[in-house]
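Trainee: Could you take me through one part of this model slowly, and then show me how the rest of the chain sits around that part? I would like one connected account.

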Amino acid sequence: MKYPSSAATLAVLFLLASPLAQAAVRDVTMYKNQGCLCCDKWAQHLEKNGFRVKSVALDDVTPVKEKNHVPVALRSCHTAQIGGYVFEGHVPADLVSRVLKEKPKLAGLAAPGMPQSAPGMDLPGNHPYAVIAFTADGKTRVYAQR
């Protein structure tokens with residue numbers, strides 16, 4: 001009986017593991033304050049874009065933000081962990097996907113405050129806002145304008 005080569009076996013394992021690894025990256029843990037409805041709407045936005053969201057309601061989300069190095073000036077109503085990155089507030093799903101694909105050297109992205117046109121807020125009109133990239137040591141830069 002002839003067995004496949006090691007290279008062939010590794011190639012098959014890689015192909016089988018890749019969808020599993022990609023699926024794990026699409027898993028989201030969102031920490032939010034009790035009763036925050038806009039956070040739930042943001043979670044729905046992510047789910048419509050192929051993510052699976054686990055929502056954790058807390059009395060105080062501040063310790064999660066501090067643990068994840070979210071600069072005070074960038075904080076919003078919820079903090080999400082996805083694929084080793086932190087997403088603070090109403091960051092659009094396409095930007096989340098872009099970070100997960102490109103894997104930049106960042107701690108995460110933030111949509112500071114509660115931008116009126118951001119996913120989950122969805123207030124009428126066009127209200128431009130910036131999505132800010134941040135590092136664990138507190139450096140920030142504009143990642144995208146919306």
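Mentor: Happy to. The buried residues of helix 2 are Cys 38, Cys 39, Trp 42, Ala 43 and Leu 46, where buried means under 20% relative accessible area, exposed means over 50%, and partly exposed is anything in between (1.4 Å probe, protein chains only). They span an arc of only 150° around the axis, which places them on the same side of helix 2; the arc is taken from the directions that run from the helix axis to the C-beta atoms. The face of helix 2 turned away from the buried side carries Leu 37 and Lys 48, which are exposed.

A word on what you are looking at: this is a predicted model, in which local features need pLDDT of at least 70 and side-chain atom pairs count only at pLDDT 80 or more, while totals for chains, interfaces and linings use all residues. Residues are numbered from 1 along each chain as its sequence is written, and side-chain values use heavy atoms, with hydrogens and water left out.

Helix 2 covers residues 37-48, 12 residues in total, and reaches 17 Å from its first C-alpha to its last, close to the 16 Å expected at 1.5 Å a residue. That expected span is 1.5 Å times one less than the number of residues. Helices (H or I, at least four residues) and strands (E, at least two) are DSSP runs, numbered from the N terminus. After helix 2 comes Gly 50, with a positive phi near 90°.

What does the buried side of helix 2 pack against? Its buried residues meet strand 1, strand 2 (52-58), strand 3, strand 4 (85-89) and helix 4 (93-102), with contact meaning heavy atoms within 4.5 Å.

Let us visit those partners in turn. Strand 1 (residues 27-33) includes Thr 29. Setting aside residues up to four places away in sequence, Thr 29 touches Lys 54, Val 56, Thr 79, Ala 80 and Gln 81. The C-alpha atoms of Thr 29 and Val 86 are separated by 9.8 Å, although these residues are 57 apart along the chain.

Strand 3 (residues 78-82) holds His 78, which counts as buried at 0% relative accessibility. Leaving aside neighbours within four places in sequence, the contacts of His 78 include Cys 39 and Trp 42, along with Met 30, Tyr 31 and Phe 87. A polar atom of the His 78 side chain lies 2.9 Å from the backbone oxygen of Gly 89; a polar contact is a pair of N or O atoms within 3.5 Å, where within protein one must be able to donate a hydrogen and the other to accept it, and residues adjacent in sequence count only if both atoms are side-chain atoms.

Now for the rings. Tyr 85 and Phe 87 make up the 1 aromatic pair counted, and this pair is tilted, with 6.5 Å centre to centre and 50° between the planes. The rule here is that rings of Phe, Tyr and Trp (its six-membered ring) pair if their centres lie within 6.5 Å, with planes under 30 degrees apart called stacked, over 60 edge-to-face and the rest tilted. Both residues are buried, Tyr 85 at 9% relative accessibility and Phe 87 at 0%.

Helix 4 has a buried set too: Ala 93, Leu 95, Val 96, Val 99 and Leu 100. They cover an arc of only 165° around the axis, which puts them on the same side of helix 4. On the other side of helix 4, Lys 101 and Glu 102 are exposed. Just after helix 4, Lys 103 has a positive phi of about 50°. Most residues other than glycine have a negative phi. Lys 103 sits in the loop between helix 4 and strand 5 (108-111), and counts as exposed at 56% relative accessibility.

Stepping back, the protein chain has 4 helices and 7 strands, in the order α-β-α-β-α-β-β-α-β-β-β along the sequence. Of its 146 residues, 40% count as buried.
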